[in-house]
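Biologist: I have this one open and would like to go through it with you. Could you take me through the parts as I ask about them?

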Amino acid sequence: MSEKSSRTIAVTRSSMAPLDEYVAEITPLWESRWLTNRGEKHRQLEADLQEYLQSPHVSLFTNGHAALECALEALELLAGGEIITTPFTFASTTHAITRKGFKPVFADIKSTDYTLDPEKIEALITPNTVAIMPVHVYGSLCDTDAVEAIAKKHGLKVIYDAAHAFGVKRDGVSAATFGDASMFSFHATKVFNTIEGGGLTFTDDDLATRLDEWKNFGIAADGQTVFAGGNGKMNEFCAAMGICNLRHNDEEIAKRKHAHERYVEHLGNIEGLKLLEIPDNVEHNYAYFPVVFEDASHTTRDEVAAALADEDIFARKYFYPLTSDFACYADTYDAQHDTPIAYDIAERVLTLPLYADLTDDDIDRICNVVLSCVNK
Ligand SMILES: *Cc1c(COP(=O)(O)O)cnc(C)c1O
């Protein structure tokens with residue numbers, strides 16, 4: 001057996017600002033002893049993100065999932081209603097809907113960019129439908145105009161899972177500006193991180209007040225506890241990490257773009273491989289590098305993943321299985337029948353390693369393995 005050619009490549013690696021910047025940012029906390037509850041760092045990060053994301057309101061949370069659950073409560077949707085969403089996503093999207101007592105109704109995705117297909121939505125609307133929850137999957141923006149036209153016509157709310165879309169713009173307009181609210185995840189593995197963290201962006205001033213109360217036990221500004229809220233406050237150390245990382249975010253995205261382009265040099269124009277298409281009017285964040293293998297037998301994806309793992313390179317079958325195929329939803333949905341395109345893509349997709357510090361050599365190594373399987 002030959003020696004392994006070189007080191008392990010993980011599917012992702014967290015972006016971290018230089019340590020001395022972080023130390024400078026947290027040092028005042030030893031003076032103030034103000035560690036959470038809307039401290040100075042929290043207020044600064046909200047302001048920095050309002051500017052960066054072009055949103056009049058940014059509400060910070062302990063994590064993206066908590067933000068999503070909180071949005072579902074604070075938008076005051078009719079209890080027990082149906083929410084039309086995509087199964088081609090991370091567990092969080094579907095779980096948030098379920099855990100808040102709503103019923104996920106799955107619409108199929110587009111085979112081009114894997115986002116919710118607006119043409120599949122209207123047939124699923126019933127008198128019980130209360131909202132639409134699309135996902136800007138892999139950082140590709142949904143057809144927001146079409147989704148919101150349907151929502152307006154039927155009096156539905158739109159909440160975007162924008163966990164993948166931090167920093168993405170279309171025609172100069174930020175992903176944070178669509179719908180009634182958008183959720184961003186600032187988890188360690190995302191393009192921008194606060195270690196753990198998340199945020200909601202929206203325009204409604206009243207929603208800002210409700211969310212502040214909701215994530216602090218329902219305690220209002222005057223000290224009265226006005227409803228049974230939960231706890232979802234981001235702490236000062238996470239906010240400080242966000243302040244530092246945000247300063248470097250554009251550089252990090254530029255490095256991701258370089259990695260993306262090197263992948264495309266190797267893997268673009270290879271028969272049987274479909275790469276993510278980035279429209280000319282989109283400033284992308286290069287959050288992920290999904291490859292869809294277009295073989296009829298559905299085996300190439302698994303062969304490539306295994307061959308990469310043999311070389312200590314860890315790609316991810318992201319998203320496989322569909323959330324509607326999770327064991328916990330097993331008897332409720334028929335994914336293959338209800339959302340055939342999503343089902344098919346989930347069987348063929350592999351997300352290759354992509355992060356800001358991924359080297360050209362690493363990418364060349366990864367692509368050699370992929371191509372050796374495809375050309376077999
Ligand atoms: C990461 C992620 C979430 C959840 O975010 P957390 O900050 O980890 O709670 C939700 N939806 C999608 C699509 C994600 O990728």
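Modeller: Gladly, and please keep in mind throughout that this is a predicted model. A place to start is helix α8, residues 249-267, which lies across β10, β12 and β13 and runs at about 20 degrees to β12.

Biologist: Which strands does helix α11 lie across?

Modeller: Helix α11, made of residues 340-348, lies across β12 and β13, and its direction is at about 50 degrees to β13.

Biologist: And in what order do the strands of that open sheet come?

Modeller: The order is β10-β12-β13, with 3 strands forming an open sheet whose pairing is antiparallel. The edge strands, each pairing on one side only, are β10 (273-275) and β13 (349-352). On average, neighbouring strands of this sheet are turned by 30 degrees against each other, direction ignored.

Biologist: How many bridges link β10 and β12?

Modeller: There are 3 bridges between β10 and β12, the latter covering residues 289-293, and the two pair in the antiparallel sense. As for Lys274, its bridge partner in β12 is Val292.

Biologist: Switching to the ligand, which residues are closest?

Modeller: Of the 16 residues that surround the ligand, the closest are Gly64, His65, Asp161, Ser185 and Lys190.

Biologist: What distances do you get for the polar atoms there?

Modeller: For Asp161, an N or O atom of the side chain is 2.7 Å from a nitrogen atom of the ligand. A polar backbone atom of His65 is 2.8 Å from a ligand oxygen atom, while Ser185 places a polar side-chain atom 2.7 Å from an oxygen atom of the ligand.

Biologist: How much of the ligand's exposed area does the protein bury?

Modeller: The protein buries 93% of the 380 Å² that the ligand exposes when taken alone.

Conventions: Residues are numbered from 1 along each chain as its sequence is written. This is a predicted model: local features need pLDDT of at least 70, side-chain atom pairs count only at pLDDT 80 or more; totals for chains, interfaces and linings use all residues. Side-chain values use heavy atoms; hydrogens and water are left out. Two strands pair if DSSP finds at least two bridges between them. Helices (H or I, at least four residues) and strands (E, at least two) are DSSP runs, numbered from the N terminus. Axes are lines fitted to C-alpha atoms, for helices over the stretch in contact, and angles run from 0 to 180 degrees between N-to-C directions. Contact means heavy atoms within 4.5 Å. A residue is near a molecule or strand if one of its heavy atoms lies within 4 Å of it. A polar contact is a pair of N or O atoms within 3.5 Å; within protein, one must be able to donate a hydrogen and the other to accept it, and residues adjacent in sequence count only if both atoms are side-chain atoms. Accessible areas come from the Shrake-Rupley method with a 1.4 Å probe; for residues, only the protein chains shown count as cover.
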